[in-house]
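I opened the notebook to go through one model, element by element.

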Amino acid sequence: MTDDTVTRHIVHLLKERSISITDARVRITAIIYTADKWISLADILHTVNNEFDRATVYRVLCLLHENGFLYKLVDMGKISYYMFNKTGNVEQVAQKERPLEHTWFKCLNCGRISVLPGDDIAVHLPEGFTKTASNLLISGYCNNCASARN
Ligand SMILES: [Zn+2]
């Protein structure tokens, strides 16, 4: 997709969800959309190159996440990562927060973040506790890096 096509597509997606179009919303969405991988808040800020301040970027990320456009995950260093939801199931993602039910794996060597197969790891909560979401991240070395280390 060319930049123009991406922009048009994003404007269309936002309008579909009745989100008003602003320059910041379209630009920030385009950055995550074209990244096509997990991207951190710092990476996004770096890419917008001070065109928008941190608070603006953060507000746009929250809006996109609430509307199911983004998957979000927080690693052990409390760094947030975002990835565009290209499944088209924004409604479902917004309502059910299904991505949060996944278990993630972050490679300490190459930084790649993968979603692990299987829906959820069974965590047995003490009596009286209710789970509303889980966001589990395992760190270590991925298949590529583990073989290189041996
Ligand atoms: Zn790796």
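The entries below cover a helix, the loop after it, the cysteines and a sheet.

**Entry 1: the model.** I am working from a predicted model. I keep that in mind for every entry.

**Entry 2: helix H3.** I looked up H3, which spans residues 41-48. Which residues of H3 are buried? I find Leu41, Ile44, Leu45 and Val48. These residues share one side of H3, because they cover an arc of only 100 degrees around the axis.

I then turned to the other face. Away from the buried side, H3 carries Ala42 and His46, both exposed.

What covers the buried residues of H3? I noted two helices in the cover, H2 (23-35) and H4 (54-66). Strands E1 (39-40) and E3 (80-84) are also included.

**Entry 3: the loop after H3.** I followed the chain out of H3 and came to asparagine 49. Asparagine 49 lies in the loop between H3 and H4. Its phi is positive, about 50 degrees, although the residue is not a glycine.

Is asparagine 49 buried or exposed? I read 59% relative accessibility for asparagine 49, so I count it as exposed, the cut-off being over 50%. Asparagine 50 is exposed too, with a relative accessible area of 71%.

**Entry 4: cysteines.** How many disulfides does the structure hold? I count zero. I also checked the accessibility of two cysteines. Cysteine 62 has 29% relative accessibility, so I log it as partly exposed. Cysteine 142 has 6%, so I log it as buried.

**Entry 5: a three-stranded sheet.** I looked up the strand order and found E5-E4-E6. The sheet is open and its pairing is mixed. Which strands are at the edges? They are E5 (113-115) and E6 (136-140), each of which pairs on one side only. From one strand to the next, the twist averages 25 degrees.

I then examined E4, residues 103-107, against E6. The two strands run parallel and are joined by five bridges.

Terms used:
Residues numbered from 1 in each chain as written. Predicted model: local features only at pLDDT ≥ 70, side-chain atom pairs only at ≥ 80, totals over all residues. Heavy atoms only, no water. Buried < 20%, exposed > 50% of the residue type's maximum accessible area, 1.4 Å probe, protein only. Helix = DSSP H or I, 4+ residues; strand = E, 2+ residues; numbered from the N terminus. Arc of directions from axis to C-beta. Contact = heavy atoms within 4.5 Å. Disulfide = S-S within 2.5 Å. Pairing = 2+ DSSP bridges. Axes fitted to C-alpha atoms, helices over the stretch in contact; angles between N-to-C directions.
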